[in-house]
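These are my notes from one sitting with the model. I looked up the helix packing, the sheet and a few single residues.

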Amino acid sequence: MIISYNDFTQIFSDYGFETTPSQYKNLETYAKMLVEWNEKMNLTAITDPEGITIKHFLDSILPLKKIDVPHGTSLIDVGTGAGFPGLPMKIYRPDIKLTLLDSLNKRVDFLKAVCSETETDSDCVHLRAEEGGRDPKYREKFNLAVARAVAAMPVLSEYCLPFVKTGGSFAALKGPGEDYKSAGSAIKVLGGEISEVFEYTLPGGDKRTLIIVGKVRETPEKYPRNSGQIKKKPL
């Protein structure tokens, strides 16, 4: 369900990643389950082997070249959906302590099944992001939060920054042309500041923007607000 091992390793090598047969096998299993489960529920519009390899797996793992991710980093993937980017990151870097959070229980069941089949140790949590961000079990408990989502940066930041410890980071995986500068004031209110922005291109020409937000102070207690307020009145 993904491209051949030789082609796979060549693509990843071109981007500075050395991959092992074990990593390839786990990602191949992941891809196969993604396609199978996608027939029963909506997980992804991308189901061809090359698309899964590049637009899901490579796209998810590439930020590891841009973000400082020390050994044993605690990472939460907020609104993870079918597991991107967090689960490929964990398969490539098993030392990461991963939490996958999603609001739909069916998707969480899928993630648990993939983790079981690939023997990937991850905490799969069924919660809305704003609920998790207020829960003492998860609030400001992570070195790194990641999200690959279509929400604008002020909205995405309110969902994600409450999970991050002071001194940690939030990384947003976005498409081209993201208006991240206008989110500066919202990010500041939430205790963060934009530290770096990277723009790069995937094989085939798709452009990506990676926005890294440093957590410089605690998020005020009143954030995150409920989902309706976040969407109707972005910071």
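I take helices (H or I, at least four residues) and strands (E, at least two) as DSSP runs, numbered from the N terminus. The model is predicted, and local features need pLDDT of at least 70, side-chain atom pairs count only at pLDDT 80 or more, while totals for chains, interfaces and linings use all residues. Residues are numbered from 1 along each chain as its sequence is written, and side-chain values use heavy atoms, with hydrogens and water left out.

**Entry 1: S4**

I started with S4, which is found in the segment before α1. For accessibility I call a residue buried under 20% relative accessible area, exposed over 50% and partly exposed in between, with a 1.4 Å probe and protein chains only. S4 has 37% relative accessibility and therefore counts as partly exposed. I also looked up its separation from Y24, 20 residues apart along the chain: the C-alpha atoms are 9.4 Å from each other.

**Entry 2: α1 and α3**

For axes I use lines fitted to C-alpha atoms, for helices over the stretch in contact, with angles from 0 to 180 degrees between N-to-C directions. Helix α1 covers residues 5–14, and its axis comes within 11 Å of that of α3, crossing at roughly 40°. In my terms, angles under 35 degrees are roughly parallel, over 145 roughly antiparallel, 65 to 115 roughly perpendicular, and the rest oblique. The pair α1 and α3 is therefore oblique. The crossing of α1 and α3 is right-handed; a crossing has that hand if the near helix is turned clockwise from the far one by less than a right angle, and is left-handed if anticlockwise.

Which residues make the contact? I found F8, I11 and F12 on α1, and T53, I54, F57, L58 and I61 on α3. Contact here means heavy atoms within 4.5 Å. I count Ala, Val, Leu, Ile, Met, Phe, Trp, Tyr, Cys and Pro as nonpolar, Asp, Glu, Lys and Arg as charged, and the others, Gly among them, as polar.

Next I took α2 (residues 21–38) with α3 (residues 49–61), which pack at about 105° with axes 11 Å apart. That makes α2 roughly perpendicular to α3. On the α2 side I listed L27, Y30, A31, L34 and V35, which meet I52, H56 and F57 of α3. The contact of α2 with α3 has seven nonpolar residues, one polar and no charged.

With α5 (residues 105–117), the axis of α2 comes within 10 Å and crosses at roughly 150°. The two helices α2 and α5 are therefore roughly antiparallel, and their crossing is right-handed. I found T29, Y30, M33, L34 and W37 of α2 meeting K106, D109, F110, A113, V114 and E117 of α5. By class, the contact of α2 with α5 holds seven nonpolar, one polar and three charged residues.

**Entry 3: the sheet**

I count two strands as paired if DSSP finds at least two bridges between them. The sheet is open, has seven strands in the order β3-β2-β1-β4-β5-β7-β6, and its pairing is mixed. Both β3 (122–126) and β6 (192–201) stand at the edges with a single partner strand each, so one side of each has no neighbour in the sheet. Neighbouring strands are turned by 20° against each other on average, direction ignored.

I then went through some pairs. Strands β1 (residues 74–78) and β4 (residues 142–147) run parallel over three bridges, with D77 bridged to V146 in β4. The antiparallel pair β5 and β7 is joined by six bridges, and L173 stands opposite L210 in β7. β6 and β7 pair antiparallel over nine bridges, with E193 opposite G214 in β7. Five residues separate β6 and β7 in a hairpin, where G204 in the turn has a positive phi of about 100°. Eight of the nine residues of β7 are buried.

**Entry 4: S122**

S122 lies in β3. Is S122 buried or exposed? At 17% relative accessibility S122 counts as buried. Leaving aside neighbours within four places in sequence, I found S122 in contact with L87, K90, L98, L100 and C115.

**Entry 5: α7**

Last I checked α7 (residues 153–160), where eight of eight residues are buried. The buried residues include M153, Y159 and C160.
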